[in-house]
Amino acid sequence: MRLFVFFFAAGICVLQWQPALPAPALLAGIGATALLALALAATGQESAPVIRRSSRPFLLAIGAAGLGLVWAAGFAHWRLAEELPADLEGRDIEVRGVVAGLPQELERGLRFAFDVEQAAPGVPRRVSLAWYRGGDGEADESPRVPVRAGERWRFTVRLKRPHGNLNPHGFDYEAWLFERGIRATGYVRPRAAAERLAAWVWHPGYAVEMLREAIRERFRAVLPAAPYAGILIALAIGDQQAIAPELWQAFGRTGITHLMSISGLHVTMLAGLAYALVNWLWRRSPRLPLHLPAQKAAALGGLLAAFAYCLLAGFAVPAQRTLYMLGVVALAHLAGRELSASRVLALALLLVLLLDPWAVLAAGFWLSFGAVGLLFLIGGGQLGPAHWLREWLRAQWAVTIGMLPALLMLFQQFSLVSPLANALAIPLVSFVITPLALLGSLPALDPVLALAHWVTTAMMVAVDWLAALPLAVWQQAAPPVWAMLLALAGGVWLLLPRGFPARWLGLLCFLPLLTTEAPRPLAGTAQVNVLDVGQGLAIHVQTAAHDLLFDAGPAFSADADSGNRIIAPYLRAMGVRRLDAMVISHADKDHEGGAASVLAALPVDLLKTSLPFEHPLSAQPVRHEPCVAGDAWEWDGVRFEMLHPAGEPLSRKSNDLSCVLRVSAGGRAMLLTSDIEAVSEQALLARYGQRLAAEAMTAPHHGSKTSSTAEFIAAVGAREVIFPVGYRNRFGHPKDEVVARHVASGARLHRTDRDGALRLLLAPQGVAVGHERAESRRYWHGAAP
């Protein structure tokens, strides 16, 4: 059974890492082969002596892996078939349907999942909609958009296919949408009529979402100005977006992020309390135990309580895993059978993957099952009970050392103060704060919520102190896969029971994980990474020993920007611990929106800008220099030349103050043009002429019709031209006439919305270009625009 589940999961993982789905005919062949292998493996030795006993594990592995691959591929084909037609993108469409999930507040409105009941042919059944207040920049006097879970509405919307930024080691937003069955995203048209058709639509799923929203509103009403009310909401109903971003940073630095979602620990705690309560009440009755023993009734009660809590929590993977494990244990108890811990974990894993083959895409899947597996590993083989403190220390050691490779692979960091923070937070969150939050969700129990918030406040004093320690977090580059696998094997060896020889050798297996450095360009060459930040610009230039960031992408909201969502995680994964220079080309939100977050995330030695003196970035505690034409420097055999601006502004537009940087390495050059317009291009032509020649360049102003004059294109003569643009951006960049001029010049065109992040290597052999979307392609990634 355990071998079957392991290889079934392996087959699903193989499928989810494919760039394209196997054809139905090939899947049929794989499925038939898998069933044949399983049938041969299940045949008894006496009836089939030709099958050697030693071959049965191999047949079982082949059959299970093939079955897992076919199972996942079937789900994937079914979901991919529901695709928004390209001709419906960007068009006004009238839809009728039901708000299917908790509406989440945005800076200027709400976002919610919407189940479409009636629309034009081809519109997917579930879409994600944003409803902005004061669309198109208009003011709105209403405090919020009046939409709630479970309501039926008629909207006029504009939709597009799922699309997300794709960067090295970055978050795959398209995978996140695909797993949740969201096959289109869009927004409600601001000037079109929106009509609520029904205040309540009956469906079990909608009823749960309505209950979750009612509890959230109650918490907000009882604790209107409480700084940690979002934590209580997350613990009660699983709404993690209720927690402020700065709190998530503190949780990440202290290693207690897992406690702020409804994890297996919380579900188990609630199930245990329900078990004890039902057991006590059942024994009080003289008749009930005659029909059903108290222990079996308590097992059912605990399982039902866990199921209710999981529904309230949104049914996340850690909660599912615990629920299925509890269900397997409860059913075995009712049937009078005993199952080993490993069988229980294997059955829970099988149930999760049967219901959701895309669960393997979530980091929580690996962390959740991995942590439980480690606890089972150290708990096996014990001859008797040990002191509770020793058991707790062993568990902390096992989870810390065992999960270290996965944490570094997934997040490139782990908390050094995690054992201390968890020692405080686990008992408080699991046995005090969460029960009080759940109890306080009932009517007329406002003081209980106040008490829960008071305990949370006290806990956060210690958490904030630990998070502020200078060495609270270890950060490093994303390790290679081989180093992670070696460390995982070493961790398992290290945690084996006493008596196994040379367990200390397991520690040596961690050395490559912790010491392997990220690869860097050779001296005299430069790697230029044009990040996919949507409609904006962010470029990382790396030499053998230096790093420069040119622009920092757009801001998305008051709390989210390219700096904290894309650039800082990318730099951490690349092993960049400090920037030697950052250039902010000009005062435009799609170029300087993430700069403050980058400055807060890692040290920057020099900030070069053309920003006005009163700009907020001018107050940052970092050495400043203006961008001035003629400024030049050299790092590791790579030359950097600032070509623009020079002297007085050429126009009243900030675009014409943009810093223009030329990077030369190995006899090859790349021109970073930012947002210069035609007047600046003419000035550059007059100043430098043929010296503007470069093998590659970013298209000025994202391909706007106000830039990329024919004369400028001819003078640069770039063979590789990059358009840093957002998918279906509202400006229509790049413009068709600009694209045509570059095509006529003989250049190869690259677009971040189509190709993802772009990697260019400037070396004596030439300029090599790599596309992140091609190199990391998965079958759910949308077609190129």
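Trainee: Is Gln412 buried or exposed?

Mentor: First, this is a predicted model: local features need pLDDT of at least 70, side-chain atom pairs count only at pLDDT 80 or more, and totals for chains, interfaces and linings use all residues. Residues are numbered from 1 along each chain as its sequence is written, and side-chain values use heavy atoms, without hydrogens or water. Buried means under 20% relative accessible area, exposed over 50%, and partly exposed in between, with a 1.4 Å probe and protein chains only. Gln412 has a relative accessible area of 4%, so it is buried.

Trainee: Where does Gln412 sit, and what is its phi?

Mentor: Helices (H or I, at least four residues) and strands (E, at least two) are DSSP runs, numbered from the N terminus. Gln412 is in the loop between H14 and strand S8 (413–415). Most residues other than glycine have a negative phi. Gln412 is not a glycine, yet its phi is positive, at about 60°.

Trainee: Which loop holds His702, and what is its phi?

Mentor: The loop runs between strand S20 (696–698) and helix H24 (710–716). His702 has a relative accessible area of 2%, so it is buried. Its phi is positive, although it is a residue other than glycine, and lies near 60°.

Trainee: What is omega for the peptide bond from His733 to Pro734?

Mentor: Most peptide bonds are trans. Pro734 lies in the loop between strand S21 (720–723) and helix H25 (736–744). The bond from His733 to Pro734 is cis, with omega near -5°.

Trainee: Which residue does a cis peptide bond join to His644?

Mentor: Omega of that bond is about 5°.

Trainee: How are H15 and H16 oriented to each other?

Mentor: Axes are lines fitted to C-alpha atoms, for helices over the stretch in contact, and angles run from 0 to 180 degrees between N-to-C directions. Angles under 35 degrees count as roughly parallel, over 145 as roughly antiparallel, 65 to 115 as roughly perpendicular, and the rest as oblique. Helix H15 (residues 418–440) and helix H16 (residues 446–467) pack at about 165°, with axes 9 Å apart. H15 and H16 are therefore roughly antiparallel.

Trainee: How many residues of the contact of H15 with H16 are charged?

Mentor: Contact means heavy atoms within 4.5 Å. Ala, Val, Leu, Ile, Met, Phe, Trp, Tyr, Cys and Pro count as nonpolar, Asp, Glu, Lys and Arg as charged, and the others, Gly among them, as polar. H15 residues including Leu424, Leu428 and Val432 meet H16 residues including Val455, Thr456 and Met459. The contact residues divide into 19 nonpolar, two polar and, for charged, none.

Trainee: What handedness has the crossing of H1 and H3?

Mentor: A crossing is left-handed if the near helix is turned anticlockwise from the far one by less than a right angle, and right-handed if clockwise. Helix H1 (residues 2–16) and helix H3 (residues 56–80) pack at about 45°, with axes 7 Å apart. H1 and H3 are therefore oblique. The crossing is right-handed.

Trainee: How many aromatic pairs does the whole structure hold?

Mentor: Rings of Phe, Tyr and Trp (its six-membered ring) pair if their centres lie within 6.5 Å; planes under 30 degrees apart count as stacked, over 60 as edge-to-face and the rest as tilted. A search of the whole structure finds a total of 23.

Trainee: How far apart in sequence are the parts tied together by Phe178 and Trp780?

Mentor: The pair is stacked, at 6.3 Å centre to centre and 25° between the planes. Phe178 lies in helix H4 (residues 173–179) and Trp780 in the segment after helix H27 (772–775), so the pair ties together parts whose separation is 602 residues.

Trainee: What is the angle between the planes of Phe365 and Phe369?

Mentor: Phe365 and Phe369 are four residues apart in helix H13 (residues 363–379), about one helical turn. Both are buried. The pair is tilted, with centres 5.2 Å apart and planes at 50°.

Trainee: What separates the C-alpha atoms of Leu408 and Ala573?

Mentor: Leu408 is in helix H14 (residues 388–411). Leu408 has 0% relative accessibility, so it counts as buried. Leu408 and Ala573 are 165 residues apart along the chain, and their C-alpha atoms are separated by 9.2 Å.
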